[in-house]
Amino acid sequence: MPEDSDKSPEDEFRDMLRELLSGNGSFDPSQLAGAAGLPSDPASLAALMSQLQGALHSSGDGINWDTSLQQAKTIAGDGAQDTTPEQRAAFEQAFHIASLWLADVTDVAELSSEPALYTRTRWATKTMPFWTQLAEPVATNIANALTGVLTERAPEELSSMIANAGQLVRGIGGTLFAMQLGQVVGQLSKEVVSGGDIGIPLLDDNEAALVPQNVADFGEGLDIPADQVQIYLAVRELAHARLFRHARWLRLHLISSITDFARGIRIDTERLEELAESFDPSNPEELREAMTSGALIPARTEAQDASLARLETTLALIEGWVDVVTAAATERLPRSAAIAETVRRRRAAGGPAEQALGALVGLELRPRRLREAAQMWQQVTDAVGTAQRDALWSHPDLVPTAADIDAPEALIARLEAEARGERPEQDEMDLALEDLLRGEERGDQHDDEPGSEPSGPNGAGGPPV
């Protein structure tokens, strides 16, 4: 720190931030708040400085994700409304009806826990573990890149101080990212209607939830009775939650795929260096935009493109199945088609979840083949019924592929043959595997013959002496 003993640690800390971010230019904490995408009111500014000072004194290398949670809860609580007893009764009735209707159109078992009603703050709290798991690899990369770039670009008079301040710089970068994550999740809490609204499993297995305040906002202006909107969205949420409970491998598969993609992300250090050189403290919007738009994440690699294609296929299969099941279950609702169209438009517009994932990990998770996947599931349902359709989720090897979405005829023919009790035609791989297993079986039988001895490595009856 500078040797001016008249300055408080807080002032010295602000001076360091000013030097690190803008060289000799003027800079104040409200501008740093703007760069982090935070309001510059006194309360937000105090929270930001508190978190950054905490990073200064922290002895650990990890990111304090409590910062994200507190920021998200603050934003979610702004304008939030508690669920009234009347709303609770209405949504409990909607969930009850949804459960009965789903029983008629799917063989996937119901949840063993009661569906929940979340406030916006509760939704942010419950889903934050998923978001931090997803964001941590990227946050770590950004913090490391920030350490390297700012250390190299620091003014000469600060070089001796920066040389031993790697942890401090990492803390600053990680804290800003954590606060930005809280900003994203807090804003999401004002727009999502349920736990499964964005297609990926934010909640734990066996959990379903609606956000009554946001459901009311969703239905506003549709000229559709509120109870029909509530029932329709309850059906979608239960169908989504039931699927993940039925296919217990599916949640881990999705999360692992997304986090593996995130771990492969590298930060565009050239872009970061450009920001360090050209940063204008009077225009912190440029830094905020770079941090939140995904501009620091370079183009995907071929491996990431292949991973993304697999993820999009899985998400399209999930959402397509939910669409088909929901449409069948809500045929009794007079305005179900209108509500379904609103859901489709909302999803096609690329809502806040897609923007959040793009900013956090450079990952677009819009199921682009959703319509084709839904058509495939409908054809499968018409051909073999709900039981055989839903059995395809019992194991990852049975789930339809991208090729099945393109041309479901072969899949349907195989399922129809199985329904008739016919053995499916074996391909070359099946035949080779069968020959291998038969060879192993013959070898086992030979070893078990009386008087035979196990062969040693030299062909003798036992190990070499």
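The protein has 20 helices and 2 strands, where helices (H or I, at least four residues) and strands (E, at least two) are DSSP runs numbered from the N terminus. This is a predicted model, in which local features need pLDDT of at least 70, side-chain atom pairs count only at pLDDT 80 or more, and totals for chains, interfaces and linings use all residues. Residues are numbered from 1 along each chain as its sequence is written, and side-chain values use heavy atoms, with hydrogens and water left out.

**Overall figures**

- Of the 465 residues, 47% count as buried; buried means under 20% relative accessible area, exposed over 50%, and partly exposed in between, with a 1.4 Å probe and protein chains only.
- The accessible surface of the protein is about 22,900 Å², and carbon and sulfur atoms account for 49% of this area; the areas come from the Shrake-Rupley method with a 1.4 Å probe, and for residues only the protein chains shown count as cover.
- Among contacts between residues at least 6 apart in sequence, 81% join residues at least 24 apart, a contact being heavy atoms within 4.5 Å.

**Helix 14 against helix 17**

- Helix 14 (residues 302–329) packs on helix 17 (residues 370–391) at an angle of about 65°, and the axes are 8 Å apart. Axes are lines fitted to C-alpha atoms, for helices over the stretch in contact, and angles run from 0 to 180 degrees between N-to-C directions.
- The crossing of helix 14 with helix 17 is right-handed; a crossing has this hand if the near helix is turned clockwise from the far one by less than a right angle, and is left-handed if anticlockwise.
- On the side of helix 14, the contact is made by Ala 316, Leu 317, Glu 319, Gly 320, Trp 321, Asp 323, Val 324 and Val 325.
- Helix 17 contributes Leu 370, Ala 373, Ala 374, Met 376, Trp 377, Gln 378, Thr 381, Arg 389 and Asp 390.
- The residues of this contact divide into 10 nonpolar, 3 polar and 4 charged. Ala, Val, Leu, Ile, Met, Phe, Trp, Tyr, Cys and Pro count as nonpolar, Asp, Glu, Lys and Arg as charged, and the others, Gly among them, as polar.

**Aromatic pairs**

- Rings of Phe, Tyr and Trp (its six-membered ring) pair if their centres lie within 6.5 Å; planes under 30 degrees apart count as stacked, over 60 as edge-to-face and the rest as tilted. By this rule there are 2 aromatic pairs.
- Phe 130 and Trp 131 form an edge-to-face pair, because their ring centres are 5.4 Å apart and their planes stand at 75°. Phe 130 and Trp 131 are both buried.
- Trp 377 and Trp 393 are stacked, because their planes are at 25°, with ring centres 5.5 Å apart.
- Trp 377 belongs to helix 17 and Trp 393 to the loop between helix 17 and helix 18 (402–406), so this pair ties together parts that are 16 residues apart in sequence. Trp 377 and Trp 393 are both buried.

**Helix 19 and Gln 388**

- In helix 19 (residues 409–419), the buried residues are Leu 411, Ile 412, Leu 415 and Ala 417. These buried residues pack against helix 17 and helix 18.
- Gln 388 lies in helix 17 and, at 19% relative accessibility, counts as buried.
- Not counting residues up to four places away in sequence, Gln 388 touches Leu 415, Glu 418 and Ala 419.
- After helix 19 comes Gly 421, with a positive phi near 85°.

**Other buried side chains in helices**

- His 240 is in helix 10 (residues 226–246) and counts as buried, at 5% relative accessibility.
- His 240 touches Gly 196, Gly 199, Ile 200, Ile 318, Glu 319 and Val 322, leaving aside residues up to four places away in sequence. Of these, Glu 319 also takes part in the contact of helix 14 with helix 17.
- Gln 71, in helix 4 (residues 66–77), counts as buried at 12% relative accessibility.
- The C-alpha atoms of Gln 71 and Val 184 are separated by 9.3 Å, although the two residues are 113 residues apart along the chain.

- Asn 206 has a positive phi, near 75°, and is placed in the loop between helix 8 (166–188) and strand 2 (209–210). Asn 206 counts as buried, at 16% relative accessibility.
- Asp 223 also has a positive phi, of about 60°, and lies in the loop between helix 9 (212–219) and helix 10. Asp 223 is exposed, with a relative accessible area of 70%.
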